[in-house]
Amino acid sequence: MSGLFISFEGNDGAGKSTQAVLLKEHFLKKGFAACLFREPGGSDISEKIREIILDNGNYKMKHLTEAYLYAAARCQLVYEKIMPALKGGQIVICDRFLDSSLVYQGIGRGLGISVVEDINKYAVGGLKPDLTFFLHLNPSEAIDRHREERELDRMENQKAYFHNRVYRGFLEIAEKEPNRIIKVEANRPLKVISEEIAEAAERFINERGL
Ligand code: TYD
């Protein structure tokens, strides 16, 4: 498939969403066609699934149900939005993708990475990010950033040990795929981070082409 698929990953509050927006703006300024989606969400149906997942009232949700809901939201986004955009040669930026499920549900919830891979096999239709920026920030620092901004949702409200497991999970998968997953230190000024990310993305495009 043509185009370029870039994802952003990291703990809640690590600053992914801001960096994803900045990278999209950077590409648009350079004259590239680029679009940005968030997970869970990014399409009307996926946004409805997101509401169910993050609703604090849904505290009875089973871990497997949660994994399937993330996969369902992802499946709709992949087939409705991401694949057509990539086929059109666009740069697609996704604020979280499959790695989040592997880490949050597979490691954080303890379902196991291979179970979560199986659940997502048909949902992603073989699609994998070409490049992933992992925003690395100590989990307690990260969640405090969010707490200052707004009320926390069902996932953010998980106990500290859950966020610590997620943190270690991201480090683990980043180590496994160093060519795809670029670790970015998130505890620095926004502009320094965004420039580092833009440079790395452009280097990738120059080497591989679009
Ligand atoms: P997100 O909107 O990125 O939250 P934040 O901006 O706080 O990082 O993601 C919503 C929550 O869903 C977040 O706590 C991470 C979690 N999540 C999973 O547990 N599994 C997944 O597959 C995805 C995509 C997100």
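This is a predicted model: local features need pLDDT of at least 70, side-chain atom pairs count only at pLDDT 80 or more; totals for chains, interfaces and linings use all residues.
Student: Let's start with the ligand. Which space does the ligand take?

Tutor: The ligand takes the space of the largest pocket. That pocket has a volume of about 630 Å³.

Student: Okay, and which residues are closest to the centre of the largest pocket?

Tutor: Those are D12, K16, S17, R96 and H146, out of 34 residues that line the largest pocket.

Student: Which helices supply at least two residues each of that lining?

Tutor: Quite a list: α1 (16-29), α2 (44-54), α3 (63-87), α4 (98-108), α6 (139-149) and α8 (190-208).

Student: What's the lining like by class?

Tutor: The lining of the largest pocket has 14 charged residues, 11 nonpolar and nine polar.

Student: Now the ligand's own shell. Which residues come nearest to the ligand?

Tutor: There are 18 residues around the ligand, and D12, Y70, R96, S101 and H146 come nearest. D12, R96 and H146 also turned up in the list for the centre of the largest pocket.

Student: I'd like distances for polar side chains. What does R96 do there?

Tutor: R96 has a polar side-chain atom 2.7 Å from an oxygen atom of the ligand. There's another arginine to look at too: a polar side-chain atom of R74 sits 2.9 Å from a ligand oxygen atom.

Student: And which side chain has an N or O atom 2.8 Å from a nitrogen atom of the ligand?

Tutor: That's Q105.

Student: How much of the ligand's accessible area does the protein cover?

Tutor: On its own the ligand has 540 Å² of accessible area, and the protein covers 96% of it.

Student: Which helix gives the most to the shell around the ligand?

Tutor: α4 does, with four residues. The elements giving two or more residues to that shell are α1, α2, α3 and α4.

Student: And the classes in the shell? How many are charged, polar and nonpolar?

Tutor: Eight charged, five polar and five nonpolar residues make up the shell around the ligand.

Student: Which peptide bond is cis?

Tutor: The one from E39 to P40, with omega near -10°. P40 has its place in the loop between β2 (34-38) and α2.

Student: Switching topic: how much space lies in the second largest pocket?

Tutor: About 290 Å³. It is lined by 17 residues, and L98, L102, E117, K128 and E177 lie nearest the centre of this second largest pocket.

Student: Which elements give two or more residues to its lining?

Tutor: For the second largest pocket, those are α4, α5 (113-124) and α7 (160-176). The largest share of that lining comes from α5, with five residues.

Student: Last one. How do the residues of that lining divide by class?

Tutor: The lining of the second largest pocket divides into eight nonpolar, seven charged and two polar residues.

Technical notes
Residues are numbered from 1 along each chain as its sequence is written. Side-chain values use heavy atoms; hydrogens and water are left out. On a 1 Å grid over the protein atoms alone, a cavity is a set of points where a 1.4 Å probe fits but cannot get out, and a pocket is an open set with protein on both sides within 12 Å along at least five of seven lines; lining residues have an atom within 4 Å of a point. Grid points are joined across faces, edges and corners, and a volume is the space filled by probe spheres set on the points. Ala, Val, Leu, Ile, Met, Phe, Trp, Tyr, Cys and Pro count as nonpolar, Asp, Glu, Lys and Arg as charged, and the others, Gly among them, as polar. A residue is near a molecule or strand if one of its heavy atoms lies within 4 Å of it. A polar contact is a pair of N or O atoms within 3.5 Å; within protein, one must be able to donate a hydrogen and the other to accept it, and residues adjacent in sequence count only if both atoms are side-chain atoms. Accessible areas come from the Shrake-Rupley method with a 1.4 Å probe; for residues, only the protein chains shown count as cover. A molecule sits in a cavity or pocket if more than half of its atoms lie within 2 Å of its grid points.
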